[in-house]
Amino acid sequence: MDVISECTYHPINPAGCSLKSSPCTHAAHHLLTQFMTLFKGYAHVVKCIEENILKTNDHAARSISRKPYGKSFRAIITLLVIRFYLSHLSLPEKNQNTGLFCPEVTNMTLLSEGCKNVVSGLETVIGLYGETLEIPCNNGALKADDVMMTKWKYDKGEGLSGDLLVRQKTLNVSISANEEYKDRVSMAANASLLLSAAKLTDQRTFTCMVVASGDIQEYSVNVIIHKTPEDLEISAKAEELEIGKLTTLGTCVARDANPAVEITWLKNGKPLVADGNGISIQAAVQEDPVTGLSTTSSVLEYSAVKEDADAQFTCSTQHTAGAEQVSSPVTFAITYSTENIVLQVIPQEPLVEGDNVTLVCVADGNPAPTSFNFHLKTGEVAKVENTNTYTITNVSRDTTGEYKCSLADDHLMEASKNITVNYLDIKLIPSGNIIKSAGEALNLTFQIGASGESKVSWTKDNVKLNKEPKFSKLTYSDSGLYECIVTMGPLSRKASFELVVEGAPVIRQLTKKRGEDGQHKVLICEAEGSPKPAVSWSINGTSLDEGPFVNGKITHKITVVPTANLTVYCTVSNEFGMDTKVINVSSLFEEVRMDKQDQPDDNDQTKLIVGLVVGLLIAAIVIGVAYWVYMKKSKQGSWKTNEKENGSSEEEKKLEEKVEENSQKAEV
């Protein structure tokens, strides 16, 4: 075995080892002969391995065809097989005859029959950059009980492969990887290769070789590494966009991705598509020479319109390994020359006299103009700088008219507005305090001057009237406070007069009634006059009650307890005159005495009343006839002497007083 360890890598034959010297070759042949003598089954294994190597590596085949490399190659294959079996197969006890440790013949037979070098179809695994990637061996379908050895290797390119790690059935994992992988590879329990901190250089083919009890198989897996880009950002942004001019809006950058991403520009969430006119999009991709990651940049050139003043521009990407990414929105100032101008009035109409009015000239250019001319109604032109307003204070009806504003540097760009100042005037003749006599007429003159239609309402003593008052013949009830209210929009005007109707008082009614308890009588005197008349009675009474003096009317009540038949006078007076009325009041005791007598039934009372009335009428007729006869006789002798005539006159007066007295008694 010391001679075998001297075998080294020969540069002429990269597919296998060659020996330095012929002693190594002779030793190998000697050992192979001895080994094949004892275990003939190994010859078939060596031949099988040799054939598979020649099939898969043309350079190795050419080297083997030359001497002495052919013998050396076969010797080395034989040594490898011997070493493999001595290391991995269970050996029996030492043979006492030969002194050698020999493997079981049955195991040798199985291995020779199963040497087929089967390679499965190429599988692809996608991993994420910087994360741990699991590469399955036979898609994780290996049966651990049958596996004697598992080995992972990778394709280094140009037909070369590199070892990563090996795990034997009874031993721990042995890592044989170079500096690139030795700290990043490990093997899972299911024989999968665990590759940490995945990089783009890991995008290659990894092969899992499995040696089972009767078979050797290889499973190749193609690895692809994906990486989503860093956060999107829009850089090199334009300061402003001009309408109708193609301007570089900005550059959207998606850094460090694999594979490279495509960038989409959006306005208010809707994709922008290059049209060769108002939208131009140029994209470029750069690859980092160290990491291999790709950075995509997209430049948007855009021709703005007015509606883009508040538009939000973003860019987005959709990577196969992650969700959609969208940049922060950006907005731009849109510049354009003034196309329209408007004159505004603040506050908005309706305007009234005394208001302050501000004229505002609004231009749609951006940036907005800062110098304007205001054309006033008087013909004056007021120029303002660094503002677009002009204020008129304490406006009046004379302010009404047309006003204009224009750009200071473009007089043709102007706007106009009509201003109306509302006013309301009223005139009432007469007004204030008005004193009139009852029965007179009062002529009112009411005039309204207004800039629009107005509404008129009248009240008397705060009570609404249905129409304007007219006074053709004044009465005491016409007295009161009259107010006229005129409104027009926000304007309101009021005029008033207080009318007092004066005159001598007049008693309109003198009545009596029996008290509720039947023990007294109430006399009621109702009168009109102004100023308020004083009321007096010809008798003293109790419970004097005077009602309110309203509209020239007053009511006065007195309570009496007549013990005999009375004649009562009510007198009303003021500074313009007086009036008196009389009423007869019967004794309360006689009425009580009559009430205590047996009262006839209703029919008898009716008959009694009718009889009394008829009797009084007959008495009046008799008295009248007697008076007529008397007068006739007295006239026949009156022409004889004046004395007789005077005497007849006195008698006539006495007779009239008697008739009147009888009439009053009949009334009571």
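Trainee: Where does V622 sit in this predicted model?

Mentor: V622 has its place in helix α7, which spans residues 602-637.

Trainee: What makes the nonpolar surface patch that includes V622?

Mentor: V610, V614, I618 and V622 make the patch, and its area is about 340 Å². To be counted in a patch, a residue needs over 30% relative accessible area and no salt bridge, and nonpolar side chains are joined within 5 Å.

Trainee: And the chain as a whole, how many helices and strands does it have?

Mentor: The secondary structure comes to eight helices and 44 strands. Of the 668 residues, 35% are buried. The accessible surface is about 39,800 Å², and carbon and sulfur atoms account for 50% of that surface.

Trainee: What share of the contacts with a separation of 6 or more comes from residues 24 or more positions apart?

Mentor: Those residues account for 59% of such contacts in the chain.

Trainee: Which strand is joined to β26 by four bridges?

Mentor: That is β29, residues 401-407, and it runs antiparallel to β26.

Trainee: Now the rings. How many aromatic pairs does the structure hold?

Mentor: There are 10 aromatic pairs. One of them is formed by Y154 and Y181.

Trainee: Why is the pair of Y154 and Y181 called tilted?

Mentor: The centres are 4.9 Å apart, and the limit for a pair is 6.5 Å. The angle between the planes is 55°; stacked needs under 30 degrees and edge-to-face over 60, so tilted is what remains. Y154 lies in strand β6 (residues 147-157) and Y181 in the loop between β8 and β9, so the pair ties together parts that are 27 residues apart in sequence.

Trainee: Are Y154 and Y181 buried or exposed?

Mentor: Y154 has 3% relative accessibility and Y181 has 0%. The cut-off for buried is under 20%, so Y154 counts as buried, and so does Y181. Ring pairs also link these two residues with F206 into a cluster.

Trainee: What makes the pair of F313 and F332 edge-to-face?

Mentor: Its planes stand at 70° to each other, with 5.8 Å between the centres. F313 belongs to strand β20 and F332 to the loop between β21 and β22, so parts 19 residues apart in sequence are tied together. F313 and F332 are both buried.

Trainee: How do you know that D163 and K151 form a salt bridge?

Mentor: Their closest N and O atoms are 3.3 Å apart, and the limit is 4 Å, so the pair qualifies. D163 lies in strand β7 and K151 in strand β6, so the pair ties together parts that are 12 residues apart in sequence. A search of the whole structure finds 17 salt bridges.

Trainee: What about E385 and K383: how exposed is each of them?

Mentor: E385 has a relative accessible area of 47%, so it is called partly exposed. K383, at 54%, is exposed, the cut-off being over 50%. Their side chains meet in a salt bridge at 3.5 Å, N to O.

Methods
Residues are numbered from 1 along each chain as its sequence is written. This is a predicted model: local features need pLDDT of at least 70, side-chain atom pairs count only at pLDDT 80 or more; totals for chains, interfaces and linings use all residues. Side-chain values use heavy atoms; hydrogens and water are left out. Two strands pair if DSSP finds at least two bridges between them. Helices (H or I, at least four residues) and strands (E, at least two) are DSSP runs, numbered from the N terminus. Patches are made of residues with over 30% relative accessible area and no salt bridge: like charges are joined within 9 Å, nonpolar side chains (Val, Leu, Ile, Met, Phe, Trp, Tyr) within 5 Å. Accessible areas come from the Shrake-Rupley method with a 1.4 Å probe; for residues, only the protein chains shown count as cover. Rings of Phe, Tyr and Trp (its six-membered ring) pair if their centres lie within 6.5 Å; planes under 30 degrees apart count as stacked, over 60 as edge-to-face and the rest as tilted. Buried means under 20% relative accessible area, exposed over 50%, partly exposed in between (1.4 Å probe, protein chains only). Contact means heavy atoms within 4.5 Å.
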